[in-house]
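Q: I am new to this structure and would like to learn how to read it. Could we go through a few features together?

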Amino acid sequence: MDNIYLFMIIALAVLAVADLVVGVSNDAVNFLNSAVGSKAVSMKTIMIVASIGIALGAIFSSGMMEVARKGIFNPDMFMFSEIMVIFMAVMITDILLLDFFNTIGMPTSTTVSIVFELLGAAVAIALVKIFANGGGFSEVVNYINTSQATEIVTGILLSVIISFTVGAIVQYVARLLLSFNYDKKAIWVGALFGGVALTSMVYFILLKGIGGTGIAKASFALTEGKTIKEFLEIHVAPIIAINLVIWSILSFVIIKFLKVNIYKIVIIVGTFALALAFAGNDLVNFIGVPIAAWQSYQAWVGSGIAATEFGMSFLADKVPTPTVLLFISGIVMVLTLWFSKKAKYVAQTEINLSREGNSKERFEPNSLSRILVRGSKALGFYFNAKTPSSIQNKIEKQFEKPIFSAEMAKNKDLPAFDLVRAAVNLMVAGILISIATSYKLPLSTTYVTFMVAMGTSLSDRAWGSESAVYRVAGVMNVIGGWFFTAIIAFVAAATVAFLIHIGGPVMIGVLLLLSILIIARNSLSYLKKSKEVKAEDSLDNAESDSVQGVIEESAKNISKVFKRVDKIQNAAIEGLVKEDLKKLKKAKNDVSKLETEIEDLQNNIFYFIKNLHESSVSASAFYIDVIKTLQDIAQSIGFISKISYKHVNNNHKALKENQANELKEIELKLNEMFSKTRTVFESNTLHQIPYLIEELERLLAEVGVYTQKQVERTRTTESSPKNTTLYFSILLEFEDLLKAKINLLELYTKV
């Protein structure tokens, strides 16, 4: 039986490495987004700076490991056998939960997940013990470190409000002082900003950096007999004042004589500081539990006492974590940062929500987001009415944004926000996280960085009238996901702990195998999704500024649409005839993707018209008509796919043989027409379009004949209302599809 605990330690070690990988994939957004979103420096430079910060932060994070040992539960109330069940349940749950959020591209809190997993597993095992001894539910408070658990949870929740508020205030003040034309301000303004930013970052890097090392306890003459850490904490004001002067002077020299952008320097230092704080604060979330389990195992093996009788009171004491383990963890985190594709996918959520101007919105607005936006606008009108116009004008001047040319506005490589906002994001988030870390409070780095970014976006007026409801809805979705994390982490960890308790070694093996299968499935699903995003038949926005260029670009899109519509209608008809629900579902999903891409083309019309030459303005009407007709085509094939899927999914009667044969005939002729049309547009032989129109009109007449046949069958032999309704609906949509295709071709005969 004793071998099972060695097996659990090995399993926990493997889970620790896996948890580091999925954890960093989730949390990389916290320290990369500001630098990546602002495009301050090259991606390679950002990664190198972040890697150094992570490596150093990991080595100096030993003190935080106490949270996993005694921060949530009272270790003296549990035996070694029970502690191992708790730790195993926590790690299995954690890796599955984080991988799930990574796969769907949503940032979640590794701190919240580990805290509530520890809480859930500890409560489950505590209740097992209590009920076994005939106790009551109220006794569970004796097993849980309620005071510290409450402090941790409160700190995490408060971090949301504090981070958003501080970020909004600091960004508002920074923008009032610097405006969007910060590069044209006097040198002393940039130097002062650099001095403040670098002072705050360097002070907390220093305080955080020595916190987990033996140097922190050293003292010498200049520290007045106190340890270095005590000296830094006591003499905050003079140290900050001296640093402010030094860094302001250095910033002036950097700007004046070295001609280097001080905001880029701040962003580089801020990325390092945030990566350092992340590793120091969040490493406990990934390896704190396995290390506590390993230390418990060592203590139990040396005791010679039975696992069910060996108490865990020693976990309440400070037990240093071997530096070599921290070093190895740092290496794993750095490698993950460089090679994880999921990290980049998760990063897009925060960058898009804080992006300046319009972008492809990922979230749909809801009633609450609309109410909040209306309320904010009403509040803004109220304050504007109470503010003198002279002051309003000065404020508005500072918030005047640079006007991009139409060509620049269309550039997808433009920064999501400017250097000032990126610098404020990093400065505020780094300070807040470092303060919490220095006080051993495991606040959520995800909550802090995300809410700071949202606060600065709000102050910077990045959420305009055309994007506010989407952005607010997105923020609410992410925050809702955080609460979901807490609930599911508690319930899942408690469930897994109970299963391990009753199932023993066999259940551990089953759960580990299940975890491997789920993670493998998620990885395959993510790879498949990534390939779909890069599909060769994806539609392209028009970028030409002449009539001929627009005609040629539109022809390419039309060819791609026809190719995809052809595949969809094949799958829909075949799926309906063979009652293949899987094929019908795929057809329905493919239509949704096509409709989304056509909608993106429509959303680009503003920039397209702006980019046209005066002599080519007539191309705008042509392009708008092309997109409208493509929408009609997609809508028709979409309706066919959806009603076919619904019919089969509801287990209604299959099509009769004559109906199936007629649909196949129409489908084959449509295939032929789609193929001919694609050839015409791909080869740019548009002079053949009149012949295509004639063939389409003949096919349209044939569909009408099939409709009349079904009318006659309905009056005589047809007995299924659902079947008849479906067949008529498909024929009518085929007619609409053909008419839309004819309209599209006629557009090319008029240009």
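Q: Leaving aside its neighbours within four places in sequence, which residues is T485 in contact with?
A: Let's begin with the ground rules. This is a predicted model, where local features need pLDDT of at least 70, side-chain atom pairs count only at pLDDT 80 or more, and totals for chains, interfaces and linings use all residues. Residues are numbered from 1 along each chain as its sequence is written, and side-chain values use heavy atoms, with hydrogens and water left out. Contact means heavy atoms within 4.5 Å. Apart from neighbours within four places in sequence, T485 touches L97, F101, T108, S109, V112 and S113.

Q: Where does T485 sit, and is T485 buried or exposed?
A: T485 lies in helix α18, residues 468–533. Helices here are DSSP runs of H or I with at least four residues, strands are runs of E with at least two, and both are numbered from the N terminus. For burial, we look at relative accessible area: under 20% is buried, over 50% is exposed, and in between is partly exposed (1.4 Å probe, protein chains only). T485 has a value of 1%, so T485 is buried.

Q: How many salt bridges are found in the whole structure?
A: The general idea first: side chains of opposite charge can pair when their charged atoms come close. A salt bridge is counted when a side-chain nitrogen of Lys or Arg is within 4 Å of a carboxyl oxygen of Asp or Glu. Searching the whole structure gives 15 salt bridges. Some join into a network, as with R175, D418, R421 and D460.

Q: Which parts of the chain does the salt bridge of E662 and R713 link?
A: In this salt bridge, the N to O distance between the side chains of E662 and R713 is 3.0 Å. The pair connects distant parts of the chain, with E662 in helix α23 (residues 657–683) and R713 in helix α24 (residues 689–716), 51 residues apart. E662 is buried at 7% relative accessible area, and R713 is buried at 13%.

Q: How are E672 and K676 placed in helix α23?
A: They are four residues apart in α23, so about one helical turn separates them. E672 and K676 form a salt bridge whose closest N and O atoms are 3.4 Å apart. E672 is partly exposed at 44% relative accessibility, and K676 is partly exposed at 30%.

Q: Are α23 and α24 roughly parallel or roughly antiparallel?
A: Angles under 35 degrees count as roughly parallel, over 145 as roughly antiparallel, 65 to 115 as roughly perpendicular, and the rest as oblique. The axes of α23 and α24 come within 11 Å and cross at roughly 170 degrees. The two helices are therefore roughly antiparallel. Residues that meet here include E662, I666 and M673 in α23 and L692, L699 and R713 in α24.

Q: What about α23 and helix α25?
A: Helix α25 spans residues 721–749, and its axis comes within 12 Å of that of α23, crossing at roughly 15 degrees. That angle makes α23 roughly parallel to α25. Among the residues making the contact are L663, I666 and L670 of α23 and Y727, I730 and F734 of α25.

Terms used
Axes are lines fitted to C-alpha atoms, for helices over the stretch in contact, and angles run from 0 to 180 degrees between N-to-C directions.
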